[in-house]
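My entries follow in the order in which I looked things up.

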Amino acid sequence: MIAGNFIGIGADGTSNIANASGIWVEGDCDGLQIGDMAYMDRNVISHNSPYGIVATSGADSLLIINNYIGTDSTGTAPAGNSDSGISLSTGYHTIGRPGAAMLFRPMVPAVFLLAPMPALIRSLQINLALM
């Protein structure tokens with residue numbers, strides 16, 4: 001599980017300490033969970049270039065819940081990644097679920113599917129005030 005991290009953003013919740021991509025998942029990572037239900041287990045994934053989260057070949061059945069992507073740690077100020085928040089190229093993944101919504105700063109796109117694949121995407125919140 002990847003939980004409770006500030007990735008690409010400083011411990012103060014706002015400063016830019018960008019990475020090439022925030023979280024890169026590749027290979028035998030079936031069932032990896034990014035984020036969890038508790039507030040302290042939320043990841044703040046911002047200021048990365050180009051993506052906040054990338055899942056490539058071999059990454060299957062990811063559960064990505066309750067994270068702030070492209071915002072500050074409060075979810076009220078923009079701190080965008082340079083491209084999409086999440087980029088998926090293979091596998092079946094679940095992004096968000098009731099009670100564990102994902103919060104995104106408006107970016108194009110928030111979730112980018114690079115190939116036809118089954119993905120369950122629900123409980124996304126796009127904060128338009130952060131444009």
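Entry 1. I began with S73, which lies in the loop between β7 and β8. The model is predicted, and I kept this in mind throughout.

Is S73 buried or exposed? I found a relative accessibility of 18%. Because buried means under 20% relative accessible area, S73 counts as buried.

I then looked up the neighbours of S73. Leaving aside residues up to four places away in sequence, S73 touches F6, I9, D12, G13, V44 and Y68. I took F6 from this list and checked the separation: S73 and F6 are 67 residues apart in sequence, yet their C-alpha atoms are 8.1 Å apart in space.

Entry 2. I moved to D72, which is found in the loop between β7 (68-69) and β8 (86-88). With residues up to four places away in sequence not counted, D72 touches I9, G13, T14, V44, A77 and A79.

Which side chain of opposite charge is nearest to D72? I noted R42, at 9.6 Å. A salt bridge requires a side-chain nitrogen of Lys or Arg within 4 Å of a carboxyl oxygen of Asp or Glu. D72 is buried yet has no salt bridge. I did find a polar atom of the D72 side chain 3.1 Å from the backbone nitrogen of T76.

Entry 3. Where does the charged end of R42 sit? I located it over the ring of Y68, 4.1 Å from the ring centre.

Entry 4. N81 is buried, since its relative accessible area is 5%. The side chain of N81 reaches the backbone nitrogen of N48 at 2.8 Å.

Entry 5. How many helices and strands does the protein chain have? I recorded 0 helices and 13 strands. Of the 131 residues in the protein chain, 48% are buried. I then considered contacts between residues at least 6 apart in sequence, and 77% of these join residues at least 24 apart.

Key. Residues numbered from 1 in each chain as written. Predicted model: local features only at pLDDT ≥ 70, side-chain atom pairs only at ≥ 80, totals over all residues. Heavy atoms only, no water. Helix = DSSP H or I, 4+ residues; strand = E, 2+ residues; numbered from the N terminus. Buried < 20%, exposed > 50% of the residue type's maximum accessible area, 1.4 Å probe, protein only. Lys, Arg positive; Asp, Glu negative; His and termini not counted. Polar contact = N/O pair within 3.5 Å; in protein donor to acceptor, adjacent residues only side chain to side chain. Contact = heavy atoms within 4.5 Å. Lys NZ or Arg CZ within 6 Å of the ring centre and 35° of its normal.
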